[in-house]
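Q: Could we go through this model together? I would like to start with strand pairing and then move on to other topics.
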Amino acid sequence: MATLPFGAEAEDTGEFMLGRVAVTPVFLESDGTIDESTENWTSSHTTAVLNNIRQGLNWWTDLLATKSSVHTLEWVIDTTYATQPHPTPYEPIFRSSNAYSLWVSDFLSDVGYSASPNLESNVRDFNNAQRAKLGTDWSFTIFVVNSVNDGDGSFAPGGSFARAFAFAGGLFQVVPSTRPASTFAHETGHLFWARDEYVGGGEYSERRGYYNAQNTNAIDRNPDPNFQQELSIMSAGSNLQAAYASLVSADATLAQIGWVDSDNDGIFDLLDVPLKLEGTGRLNSLSGFYRFVGKASPQTLPNRNSSGTQNDITLNRIGRIEYRIDNGPWTTAITPNRYQVDIDISIPVSSGQQRIEIRAIDPRIGITSNVFEGTLGNLPDTTAQPGIQGFVWNDLDNDNIWDANESGYVGASVTIVDDNSLPINLQRIVEPDDFGIGFFSNQTAGVRLDVVGPDASGSIGIFNDANASTGTRIFRPFSRSAGSYVEAFHSTNRQLRVRFDSPTSFVSIDAIAIADNTDVRVEAFAADGSLIKRTEQKGMINAQKLTLEIGTDTAQIASVIVRGINDSSVKLDNLRFGPRSSARTASDGSYALPNLPAGSYRLVVLPETQAVIPSNGSSGIQTVILNAGDTISHVDFGLHRLPSPWQNSNLPEDVNASGSVEPLDALILINEINANQARSLDGSGLVNAPYFDVNGDRAISPLDILQVINYINRRGSGEGENRASTTVPTNGDNSSEQHGISSFPSFVLDVNANQPTSWIVSNSNERSRRQDIGPDRCNCPACASCAPAGEYSSSILDIAKAAASAPPSSNDSVMGPKKPSHELAIGPSELPHLGGLDAYLATWNNSGI
């Protein structure tokens with residue numbers, strides 16, 4: 001199946017002249033039913049015209065080869081409607097050029113593309129279908145009008161054009177059949193936004209194309225009295241013919257079709273944009289593999305075209321994910337060759353190796369991503385971004401050292417505080433609910449809001465709205481045409497402009513759709529008016545609310561424009577500017593505080609419960625000094641969970657404190673959850689047996705049942721060790737794992753790059769848990785030992801019930817190739833996903849679950 005260019009929509013059929021292009025010549029044959037048929041196609045003339053089309057198109061390919069050695073341009077020609085000319089009741093050359101709407105519409109109707117009353121929409125639908133059929137990036141149509149018997153090869157007088165003409169932006173061109181190959185080359189330039197440059201054509205001041213390049217090689221209205229036009233395919237007469245023969249065109253001409261290489265590196269600007277890689281990696285000391293979980297995608301240059309959809313588009317793909325160790329050669333890990341890739345790779349490492357680097361690359365043109373850098377030790381690493389970042393981890397043994405068997409802590413808050421340890425707010429908020437209804441006087445410190453556009457008077461108001469994103473009020477623009485405030489900002493007609501007294505590094509605003517397929521965009525501008533960055537959301541459904549955010553590494557944003565795009569209208573609410581001063585940790589324990597200005601910062605970690613304290617010897621506060629644009633990594637915090645009063649300290653799996661572990665212990669938990677649901681035990685008032693909190697997370701959940709079942713299956717019921725110690729040997733060494741933490745010692749997360757991730761039973765000598773990592777925010781037990789109760793599906797309870805009925809076995813392990821007797825797939829709706837994986841395999845037999 002063909003894939004649209006990254007960022008493109010179906011309407012984008014010719015935004016810049018690179019890549020693969022579907023071309024559909026349609027030769028029209030009059031059948032005499034309305035106009036007298038004076039022209040007839042012959043096989044020799046058909047062949048000659050097709051040759052001219054190929055030569056005209058290949059002229060551009062040959063020209064590209066003189067400009068770049070990495071870019072490609074391929075024409076994929078579908079000759080179906082050329083070798084079999086399409087009948088029409090009209091004789092097109094006999095009529096004026098404006099009659100094109102008659103026979104173009106007839107053709108589209110005949111081939112099944114007449115759903116819209118708008119001719120342009122129907123042509124784009126046909127072109128898009130041809131793009132999908134031929135597997136190309138772009139697509140356009142050439143209507144060829146037979147003119148062999150016409151005296152001058154021109155349309156009848158009275159129309160807009162005498163001979164060939166085109167509709168820009170990937171639509172179609174119309175060419176009399178006796179025109180030379182250079183005509184097809186000229187008209188094809190129009191289809192990728194190039195303007196005419198001859199007298200009576202385009203003007204000097206006009207702009208178009210991806211860069212919105214100015215038509216400075218045009219003759220008309222050129223301010224230079226001594227102007228000498230450069231050779232260009234978009235000129236006419238002898239100038240055009242000389243350009244065609246010499247295989248040249250002016251730089252100003254080529255800029256309009258996307259061919260600009262500002263830094264002279266051989267890559268045109270619109271594709272000279274780094275790929276984006278983000279994720280987290282950590283060495284698994286048990287397996288000897290370094291696992292990286294993340295994603296990669298292209299980034300786009302903002303599309304400044306004054307025409308068309310203005311979508312930000314690229315052809316760059318993620319061709320390979322590569323890694324290297326200790327500055328060695330780059331090695332290919334995977335070859336996805338897609339626009340967007342979810343990554344989950346495990347890389348073998350050897351003892352003594354120190355560092356690993358990972359990147360994405362499009363090998364066709366040599367564009368690479370930012371490089372992920374990781375240390376081959378106990379600590380995980382995450383993609384660097386300017387600002388402050390780090391991890392919060394579960395410090396099981398409370399030694400303030402992140403050990404290999406300790407995982408990230410999900411849901412902790414890392415906050416910037418002042419010298420008195422009080423939170424600092426670096427953001428300012430313009431919330432409509434804080435102001436009176438009616439005209440907004442703009443008396444807000446640090447920022448000015450107004451409305452710009454052809455239908456705007458500048459005035460902005462605040463009014464009640466039942467669908468406000470926060471509170472009950474939203475911003476509303478004043479409409480000149482309506483003579484009143486209206487509910488929504490619309491396209492370029494009514495745009496919200498926000499200007500800051502001092503440049504900022506972060507802006508967010510809430511958007512509310514008023515119809516399906518709403519598209520909204522935020523653009524950030526520097527003090528000189530240049531566009532810095534844009535973000536957008538497409539396809540919002542009616543009444544949907546979302547927050548759009550835009551940020552820079554340093555304080556560069558002097559103003560933003562917020563508007564609907566693609567003829568969309570959108571409501572706006574809750575403006576914020578300035579960097580966030582607090583962040584919550586993800587499932588891998590990572591956090592980031594980006595967009596911060598230079599300065600000294602005090603950071604404190606705040607767990608979600610008083611039962612968790614900073615690691616021994618740590619105050620939970622760190623001070624860092626940040627320089628502008630720098631990245632400070634591994635501002636890490638350890639948290640230690642205090643023993644749960646609802647856990648049996650002698651033997652956690654002994655729920656009823658009988659001195660041994662039996663199926664009754666699992667049954668007690670099952671009955672309790674059935675009666676009162678999984679829940680937090682804080683504030684429950686329970687002080688004695690039964691001890692519901694088997695895993696020590698201060699909650700009762702199906703996970704407690706599973707731990708009991710695994711214990712029984714591993715050791716057999718009735719065996720009680722009456723352990724006085726709260727630690728158990730780990731991996732056969734002298735380290736320990738405290739059962740007061742949600743350690744799940746009998747579960748191992750099977751990290752195998754070639755197989756689905758599975759929960760399987762460990763033997764009694766392997767009680768450590770291999771950590772999963774990733775940028776997602778799930779609450780699964782492998783990476784969220786402090787997950788709150790009530791987030792686990794009752795389907796796990798069903799599994800636990802089934803497993804509880806299985807007889808114990810003396811077989812101590814189901815690790816390895818032994819085939820289980822039952823398998824059950826648990827989808828992401830039943831158990832939160834982990835690291836981007838779509839499912840878990842819960843496997844059990846008479847040895848465990």
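**Strand pairing, burial and contacts**

A: Strand E9 (residues 276–284) and strand E10 (residues 289–297) pair in the antiparallel sense over 9 bridges. Two strands count as paired if DSSP finds at least two bridges between them, and strands (E, at least two residues) and helices (H or I, at least four) are DSSP runs numbered from the N terminus. This is a predicted model, in which local features need pLDDT of at least 70 and side-chain atom pairs count only at pLDDT 80 or more, while totals for chains, interfaces and linings use all residues. Residues are numbered from 1 along each chain as its sequence is written, and side-chain values use heavy atoms, with hydrogens and water left out.

Q: Which residue in E10 does Glu278 stand opposite?
A: Glu278 stands opposite Lys295.

Q: What is the order of the strands in the open sheet?
A: The open sheet has 4 strands in the order E13-E10-E9-E17, with antiparallel pairing. Strand E13 (341–348) and strand E17 (381–382) each have a single partner strand, so one side of each lacks a neighbour in the sheet.

Q: Changing topic, how many residues of helix H5 are buried?
A: In H5 (residues 181–191), 11 of its 11 residues are buried, where buried means under 20% relative accessible area, exposed over 50% and partly exposed in between (1.4 Å probe, protein chains only). Among them are Phe184, His186 and Leu191. Just after H5, Trp193 takes a positive phi of about 85°.

Q: Which residues have the most contacts inside the largest nonpolar core?
A: They are Trp60, Trp75, Trp259 and Ile358, in a core of 67 residues. A nonpolar core is a set of buried Ala, Val, Leu, Ile, Met, Phe, Trp, Tyr and Cys residues joined through side-chain atoms within 4.5 Å. Helix H1 (residues 43–65) gives the most to this core, with 8 residues. A second, separate core of 31 residues includes Leu496 and Val562.

Q: Where is Asp636 placed?
A: Asp636 lies in the loop between strand E39 (631–632) and strand E40 (637–641). Asp636 counts as buried because its relative accessibility is 14%.

Q: And which backbone nitrogen does the side chain of Asp636 reach?
A: The side chain of Asp636 reaches the backbone nitrogen of Phe391 at 2.8 Å. Asp636 also makes a side-chain polar contact with the side chain of His634 (2.7 Å). A polar contact is a pair of N or O atoms within 3.5 Å; within protein, one must be able to donate a hydrogen and the other to accept it, and residues adjacent in sequence count only if both atoms are side-chain atoms.
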